[in-house]
Amino acid sequence: MPGVLVFCEVQDGKLKKASREALSIGRKLAEAAGGDLTAFASDESAADDAGRYGAKKLFVTGAGGYNPEMYTAAMQAAIAQTSPSIVLFGGTSNGRDLAPRLAARLDAGVASDVDRLEWAGSKLKARRPVYSGKAFATVEVSSVPAIATTRMNAFPAEESGGGAAEVVEVSAPAESKAKVVETKVTQSGELSIVEADIIVAGGRGLKEGANFSLIRDLAHAIGGAVGASRATVDAGWIDHQHQVGQTGRVVSPNLYIAAGVSGAIQHLAGMSSSKHIVAINKDPEAPIFRVADLGVVGDLFTILPALTEEVKRAKAH
Amino acid sequence: MNSVVCIAQVPDTETRIKIGGDGRRIDEAGVKYIVSPYDEYALEEAIRLKEKEGGDVTVLGFGPDRVQQALRESLARGATKAVHVKGESGDADSLGIAKVLAAALRTIPHDLVFFGKQGVGTDNSLVGPMVAELLGYPQINVVTHMETAAGKVTAHREIEGAEEVIEATTPAVITAQKGLNEPRYASLKGIMAAKKVTIDTKSIADLGLADSDVVNQRVTVVSLELPPEKSGGRKIDGGDPAAAAKEIVRYMKEEAKAL
């Protein structure tokens with residue numbers, strides 16, 4: 001039986017957003033390719049959620065937390081049972097860690113970080129940003145299964161209203177050559193730029209690291225993540241996890257607010273596919289204005305605090 | 001401790017990308033090639049290990065003749081040996097490249113295999129873990145800190161909002177993230193010494209592989225396009241911060257539907 005298998009991850013008892021997005025596009029692909037949508041997760045707590053997004057079966061491993069070697073074997077066992085045409089991974093750290101390992105095991109091809117997917121006869125057709133978004137490649141994956149990792153925010157999560165998925169346990173080896181000995185939380189409570197719907201980013205125009213508080217205040221008021229240009233990361237003002245652009249992350253949130261970011265080619269590549277872009281910069285000729293839907297020529301040191309207050313007022317209503 | 005650092009050569013990040021005549025690849029005319037930025041962190045870490053514990057740092061690259069330049073640059077920074085697998089890597093998919101590198105790695109003694117966490121350009125982030133699987137090694141991806149001890153490596157792997165500390169047996173595959181270290185520049189002495197090193201050059205056939213193992217197997221690029229040119233939207237004067245803030249909030253609410 002062909003169909004689509006989706007690697008899912010659970011956080012706080014719920015499927016991660018990336019997994020819900022991957023299941024949603026997976027369901028559409030299963031309709032086109034024929035066969036059922038099935039899911040894979042660490043444990044059965046995902047069964048209700050997976051069913052709600054259309055999965056008929058949920059494969060679970062008794063292997064415990066994520067481990068690339070053990071999960072490769074468990075995914076292989078799930079694939080042996082359903083022979084899916086397509087295997088999808090949400091583009092999380094673990095999804096991107098596991099997809100290539102599984103692909104090498106199965107001699108299969110992978111399209112990474114895709115923002116469009118369609119079933120074209122016997123092949124999976126995918127669009128993916130290359131050169132950090134300076135160009136888009138359309139690729140065809142012709143192996144069975146065809147594997148893809150999905151880009152966050154590219155595929156809307158849509159429930160289909162199914163009942164709980166039937167849980168099927170698959171075995172995994174008990175030993176592996178690598179193990180997690182500790183997990184250190186680095187940004188407690190902070191939203192990651194790859195997951196966020198809204199990003200507020202700061203650049204060199206902030207003048208010094210302490211002024212990132214202006215960006216943080218606005219991001220917190222809106223409920224968005226904090227982004228940064230490469231110059232600010234290289235200057236040590238903020239951690240690399242916040243960097244947008246080439247040698248950072250390519251992001252495509254619904255709303256991107258850039259303050260004091262001039263718009264180097266590497267930064268523009270990383271954010272210009274955002275759906276709505278607001279730029280605040282004192283230089284009317286700054287390249288960032290070329291991609292901004294709304295450009296504000298002015299002083300970020302007066303505009304950002306005013307904007308944070310205005311957002312709080314709007315939210316209070 | 002012997003390390004192999006797998007180097008990808010990519011267009012300079014300043015490059016304005018143009019589409020080539022076949023509509024599937026970039027126009028290479030005038031493109032300056034550099035060592036992929038993440039590979040520099042990988043190389044630096046391997047050199048530091050060598051300085052601490054001895055052993056060799058071999059840089060390994062697959063691709064056309066221009067790859068020799070990337071290998072020379074890496075030697076100048078402190079790698080001790082270089083292996084160039086000559087071949088047209090442009091039509092190889094990631095697993096094809098991984099098979100070439102895995103075959104070459106079988107001929108080079110090593111305890112650790114380093115990659116950048118992604119090749120800047122194709123941005124696949126696939127080859128490192130694929131090589132780990134092909135060789136049966138553990139993998140630690142997106143590494144921001146690492147230490148070695150007899151027969152094992154302990155590394156910090158960056159994940160969403162946290163870092164995992166992972167302990168693995170060697171040989172192992174490590175992929176480097178920015179922040180792992182501060183890469184050095186090549187010294188004049190290094191540049192002179194690098195000129196004397198003979199790059200071990202071989203073909204895919206020398207490694208027992210055929211073109212069909214590598215080229216156009218599983219993933220094919222059918223077209224390459226530039227994103228639609230944005231013309232820029234409305235520009236307003238922010239001289240009155242309160243008025244500007246009101247207009248941004250209106251935009252966020254009514255057009256972006258973000259509030």
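A:Asp197 is partly exposed, with a relative accessible area of 42% (partly exposed lies between buried, under 20% relative accessible area, and exposed, over 50%, with a 1.4 Å probe and protein chains only). This is a predicted model, in which local features need pLDDT of at least 70 and side-chain atom pairs count only at pLDDT 80 or more, while totals for chains, interfaces and linings use all residues; side-chain values use heavy atoms, with hydrogens and water left out. Residues are numbered from 1 along each chain as its sequence is written, and chains are lettered from A and ligands numbered from 1 in the order in which they are written.

A:Asp197 forms a salt bridge with A:Lys17, and their closest N and O atoms are 3.2 Å apart (a salt bridge puts a side-chain nitrogen of Lys or Arg within 4 Å of a carboxyl oxygen of Asp or Glu). The pair links distant parts of the chain, 180 residues apart: A:Asp197 sits in the loop between strands S13 (178–185) and S14 (198–202) of chain A, and A:Lys17 in helix H1 of chain A. Helices (H or I, at least four residues) and strands (E, at least two) are DSSP runs, numbered from the N terminus.

A:Lys17 also meets the side chain of A:Glu21 in a salt bridge (4.0 Å, N to O). These two are about one helical turn apart, because they lie 4 residues apart in helix H1 (residues 17–33) of chain A. A:Lys17 is partly exposed at 27%, whereas A:Glu21, at 4% relative accessibility, is buried.

## Salt bridges in chain B

Over all chains, the structure holds 37 salt bridges. One of them joins B:Arg25 and B:Glu88, with the closest N and O atoms 4.0 Å apart. B:Arg25 lies in the loop between strands S2 (9–11) and S3 (33–35) of chain B, and B:Glu88 in the loop between strand S5 (81–86) and H3 of chain B, so the pair ties together parts 63 residues apart in sequence. Both ends are partly exposed: B:Arg25 has 27% relative accessibility and B:Glu88 has 48%.

Further along chain B, a network of salt bridges links B:Arg234, B:Glu247, B:Arg250, B:Glu254 and B:Glu255.

## Nonpolar cores

In soluble globular proteins, nonpolar side chains tend to be buried together. Here the largest nonpolar core has 53 residues, of which A:Phe40, A:Met75, A:Phe89, A:Ile147 and B:Leu60 touch the most other members (a core is a set of buried Ala, Val, Leu, Ile, Met, Phe, Trp, Tyr and Cys residues joined through side-chain atoms within 4.5 Å). Helix H3 (residues 94–105) of chain B gives the most to this core, with 8 residues. A second, separate core has 44 residues, including A:Ala46, A:Ala111, B:Ile26 and B:Val31.

Leaving aside residues up to four places away in sequence, A:Phe89 touches, among others, A:Phe7, A:Met75, A:Leu98, A:Leu102 and A:Ile147 (contact means heavy atoms within 4.5 Å).

## Chain B and its helix H4

Chain B has 7 helices and 13 strands, and 56% of its 259 residues count as buried. Its C-alpha atoms fill a box of roughly 65 × 45 × 40 Å along the principal axes. Among its contacts between residues at least 6 apart in sequence, 70% join residues at least 24 apart.

Helix H4 (residues 127–135) of chain B is largely enclosed by the rest of the structure, because 8 of its 9 residues are buried. Among them are B:Val127, B:Pro129, B:Met130, B:Glu133 and B:Leu135. Just after H4(B), B:Gly136 takes a positive phi of about 70°.
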